[in-house]
Structures are given as structure tokens and as C-alpha cells.
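Here is my note for your first look at this structure. Please keep the 3D view open while you read.

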Amino acid sequence: TFTESGLPSGTVWYINLTSEISSGPIITPSYNFSLANGSYSYRDATSDKIYFTSQNSGSFTVSGASVSESVAFSKVLYKVTFIETGLPAAVEWYVNGSGMLERGSSPSNISLDFTNGTYLFTVTNLSSYYTTTTDISVTVNGKNVTEMVDYYHWAYIAGKVSPINAAVTINSKAVSLTPSGSFNVSVAKGTYHVIVFSPGYKPYYSNFTVNPGNVKNMTIDL
């Protein structure tokens, strides 16, 4: 008698005896062979390839009595590892996805176990750092997967304008001013176009590039 454990109810599994008949598809938790005395070897399998047995085979001896064999199936799991770069030591970072939240502390990696399938993850931007790979789709297909997460320090565009009721845009997006006409915007590395305008005044235009960690200070009097 072969008794299975670990498979969802109704999952098809098989036992093939060496030099003997095969069980054919089995959907019950146990299956019986009628065998003469002797030594036998077998292989097990299941139609659901998410599951496997660690040995996948075994042997037994029939000697004038019934024999019971246990076949324990478990899920095939593969590691999905997120490797972080760019953060200072001890800064925590996060990966969200598949109903869970995992956190790592730089420079540690985050490793998770998954069965075959496609999964969507979100990597969280931090108060002082950002990543350009916030959404990551991972397909697990019979092997471990590694994904890189590169962090960069935010750059900043800060300044003060006069008159204080002037309108400011950065790359065509409106910027909020404080009552004193100041602003401070966190931006990713790149090229920016700043326009400041107010009725009755000559507009101000500026183009520049900022790198990670840069601060672009501007004093603008129309």
C-alpha cells in the first residue's frame, strides 16, 4: 500500500514499479498493489508539477506480509532574490508583493520563496532615496531568480521667487510656494526646465541638469 501526503485533494499522482505494471492515475490518498514475495523499486510522480518528493524513488521488500510505503509530496520552491545597491549602511528598504511586505537593511538582500508563476512586486521609494525600478514583474520557471534594485539619492531644486505670487513650473508641473515665495522640490537625476511667470513681468526660463544628491539653489527676481 502506497499512501500519499502533501497533495491537494483530487490531485493525480502515480507509482511506477520497476519491471512491473504502473498504477496509472491515482486520485485517492492511497493505492494497493498485489505482489509476490521479492524486492521491488519504484518511482513516484504527480501531474501537478508544483509538487515533488525529495527522493522521487524508493525500494521495498515483500516477505510474507503486507508492506506500507509513505510518499510525501511538498511544493517546489525557488528563491526570488532582490539585490540592493546605492543605500548607506543600516538604511531600511522594502519590497511589497503577493500579499506580503518584506524589509531589508542595506546592504542586505531580500530573498523570498515562490512556486512557478508570475508575481508583481513594488519596491518602495524612501524619504532621501529613490529607485527607477519601483514595479517589478518576476516569472519563476524552474529556477531561482535575481533582480537588481538600484537606489539613488534624491536631487533637490530649491529657491525663492519675487513677486511671491508668481507661478513656478518645473518640467511643466506646477510647484507650490510657501507664503514667502520659497519652494523645495525632490527630483530624480535628469534635466529640468524651470519657468517662472507673473502678469506684468518678464518670464524667467532656466534649463539645467542635476545628479543624485545635488542641490540646485535658485533666487529668481522677475
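Which residue in E12 does Phe82 stand opposite? Phe82 faces Ile110 there. The points below put that pair in its setting.

1. **What you are looking at.** This is a predicted model, where local features need pLDDT of at least 70, side-chain atom pairs count only at pLDDT 80 or more, and totals for chains, interfaces and linings use all residues. Residues are numbered from 1 along each chain as its sequence is written, and side-chain values use heavy atoms, with hydrogens and water left out.

2. The chain has 23 strands and 0 helices. Both are DSSP runs, numbered from the N terminus: a helix (H or I) needs at least four residues, a strand (E) at least two.

3. **Overall shape.** The C-alpha atoms fill a box of roughly 105 × 35 × 25 Å along the principal axes. The radius of gyration is 31 Å, whereas a compact globule of 222 residues would have one near 17 Å. That radius is taken over C-alpha atoms, and the globule rule is 2.2 Å times the number of residues to the power 0.38.

4. Of the 222 residues, 35% count as buried. Buried means under 20% relative accessible area, exposed over 50%, and partly exposed in between (1.4 Å probe, protein chains only). Take the contacts with a separation of 6 or more: 52% of them come from residues 24 or more positions apart. A contact means heavy atoms within 4.5 Å.

5. **Strand E9 and its partners.** Strand E9 covers residues 78-85 and pairs with strand E12, residues 110-114. The sense is antiparallel, over 5 bridges. Two strands pair if DSSP finds at least two bridges between them. E9 also runs parallel to strand E16, residues 145-153, with 6 bridges joining the two. Look for Thr81 here: its bridge partner in E16 is Thr146.

6. **Strand E21 and its partners.** E21 spans residues 190-197 and pairs with E18 in the antiparallel sense over 4 bridges. Thr169 stands opposite Ile195 of E21. E21 is also joined to strand E22, residues 204-210, by 7 bridges, again antiparallel. In that pairing, Val194 stands opposite Ser206. The hairpin of E21 and E22 has 6 residues between the strands, and Gly200 in this hairpin takes a positive phi near 90°.

7. **Backbone points to check.** Most residues other than glycine have a negative phi, and most peptide bonds are trans. Ala90 has a positive phi, near 80°. Find Ala90 in the loop between E9 and strand E10 (92-97). Ala90 is exposed, with a relative accessible area of 60%. Ser172 also has a positive phi, near 70°. Ser172 sits in the loop between E18 and strand E19 (173-175). Is Ser172 buried or exposed? Ser172 is exposed, at 72% relative accessible area.

8. **A cis bond.** Ser162 and Pro163 are joined by a cis peptide bond, with omega about 5°. Pro163 belongs to the loop between strand E17 (155-162) and strand E18 (167-170).

9. **A buried tyrosine.** Tyr119 is part of strand E13, residues 117-123. Its relative accessibility is 16%, which counts as buried. Now find Thr133, 14 residues from Tyr119 along the chain. Their C-alpha atoms are separated by 15 Å.
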